[in-house]
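Reader: I have a model open and want to go through it with you. Can you take my questions as they come?

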Amino acid sequence: MQVASIVPSSKVLIDRVAGKFDFSVPRIIAEFGPGEGCHTREIIKRMHPGSRLLLFELDPELANHLRHHFRDDARVSVLNTDAANLPKELTSLGIQHCDYVVSGIPFSTMEINKKRLLLQRIFESLAPNAQSAFIIYQVTNELRGHAKIFPRITSEYCLQNIPPMFVTVFFRQGLNGFSHGGNGNGNGNGNGNGRH
Ligand SMILES: C[S@@+](CC[C@H](N)C(=O)[O-])C[C@H]1O[C@@H](n2cnc3c(N)ncnc32)[C@H](O)[C@@H]1O
């Protein structure tokens with residue numbers, strides 16, 4: 001239930017996900033559920049040298065593996081904790097907002113209240129600007145239906161992965177800078193079905 005997959009993401013999926021970031025300037029990025037680090041390595045390869053990458057991995061063995069693997073990169077912090085602790089961890093690191101949250105954790109099997117709470121915390125942790133976004137790769141696109149707090153959502157389907165996955169980007173702000181302001185009742189365009 002926690003890992004939800006026995007096959008790591010494919011190179012095509014990894015490239016599609018990494019292509020959603022603007023790495024041209026330093027960014028603060030949180031990754032949820034990096035596993036053995038296949039997306040992490042690509043993000044590190046592409047990110048600006050002044051960036052920070054915070055890895056939230058619940059599994060202690062995987063967290064230790066990640067610590068060992070990225071031990072020489074001071075920009076990377078491995079946090080063996082639940083993704084829901086994002087705001088708390090940002091505060092303890094003296095960071096006000098992050099620019100991107102990318103997630104490989106299995107949202108579809110998560111209890112509904114936990115899912116909503118996590119979406120709210122992600123929204124509040126993202127910097128209020130046009131680029132900042134929550135990026136997920138998931139077998140289903142059901143999260144769109146729960147993420148109406150985000151004013152702009154785009155999705156595409158990546159067939160070249162086992163299993164095929166939706167790559168969905170939830171932007172913190174709309175194209176005109178519009179934001180719902182965090183009450184969770186906005187009527188953004190995320191209807192759970194469409195692709196953009
Ligand atoms: C499907 S694996 C994804 C692995 C890798 N990112 C990939 O694409 O191949 C999901 C990972 O999320 C971790 N995980 C699940 N729930 C979590 C949570 N609430 N907070 C942090 N990590 C979590 C699991 O331990 C597992 O490593």
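Reader: How much of the protein is buried?
Author: Of its 196 residues, 50% count as buried, where buried means under 20% relative accessible area with a 1.4 Å probe and protein chains only. This is a predicted model, in which local features need pLDDT of at least 70, side-chain atom pairs count only at pLDDT 80 or more, and totals for chains, interfaces and linings use all residues. Residues are numbered from 1 along each chain as its sequence is written, and side-chain values use heavy atoms, with hydrogens and water left out.

Reader: How many helices and strands?
Author: The protein has 5 helices and 7 strands. These are DSSP runs numbered from the N terminus: helices are H or I with at least four residues, strands are E with at least two.

Reader: In what order do the elements run?
Author: From the N terminus on, the order is α-β-α-β-α-β-α-β-α-β-β-β.

Reader: At what angle do α1 and α2 pack?
Author: Helix α1 (residues 11-18) and helix α2 (residues 38-46) pack at about 45°, and their axes are 10 Å apart. Axes are lines fitted to C-alpha atoms, for helices over the stretch in contact, and angles run from 0 to 180 degrees between N-to-C directions.

Reader: What does that make them to each other?
Author: Oblique, therefore. Angles under 35 degrees count as roughly parallel, over 145 as roughly antiparallel, 65 to 115 as roughly perpendicular, and the rest as oblique.

Reader: Which residues meet there?
Author: From α1, Lys11, Leu13, Ile14, Asp15, Val17 and Ala18; from α2, Cys38, His39, Glu42 and Arg46. By class, the contact of α1 with α2 has 5 nonpolar, 1 polar and 4 charged residues.

Reader: Now the strands. How do β2 and β3 run?
Author: Strand β2 (residues 52-56) and β3 run parallel, joined by 4 bridges. Leucine 55 has valine 78 in β3 as its bridge partner.

Reader: Which way do the β3 side chains point?
Author: In β3 (residues 76-79), Val76 and Val78 point one way, Ser77 and Leu79 the other, and all are buried. In a regular strand, side chains alternate between the two faces of the sheet.

Reader: What does arginine 27 touch?
Author: Not counting residues up to four places away in sequence, arginine 27 touches Asp22, Ser51, Arg52, Asp99, Tyr100 and Gln131; contact means heavy atoms within 4.5 Å.

Conventions
Ala, Val, Leu, Ile, Met, Phe, Trp, Tyr, Cys and Pro count as nonpolar, Asp, Glu, Lys and Arg as charged, and the others, Gly among them, as polar. Two strands pair if DSSP finds at least two bridges between them.
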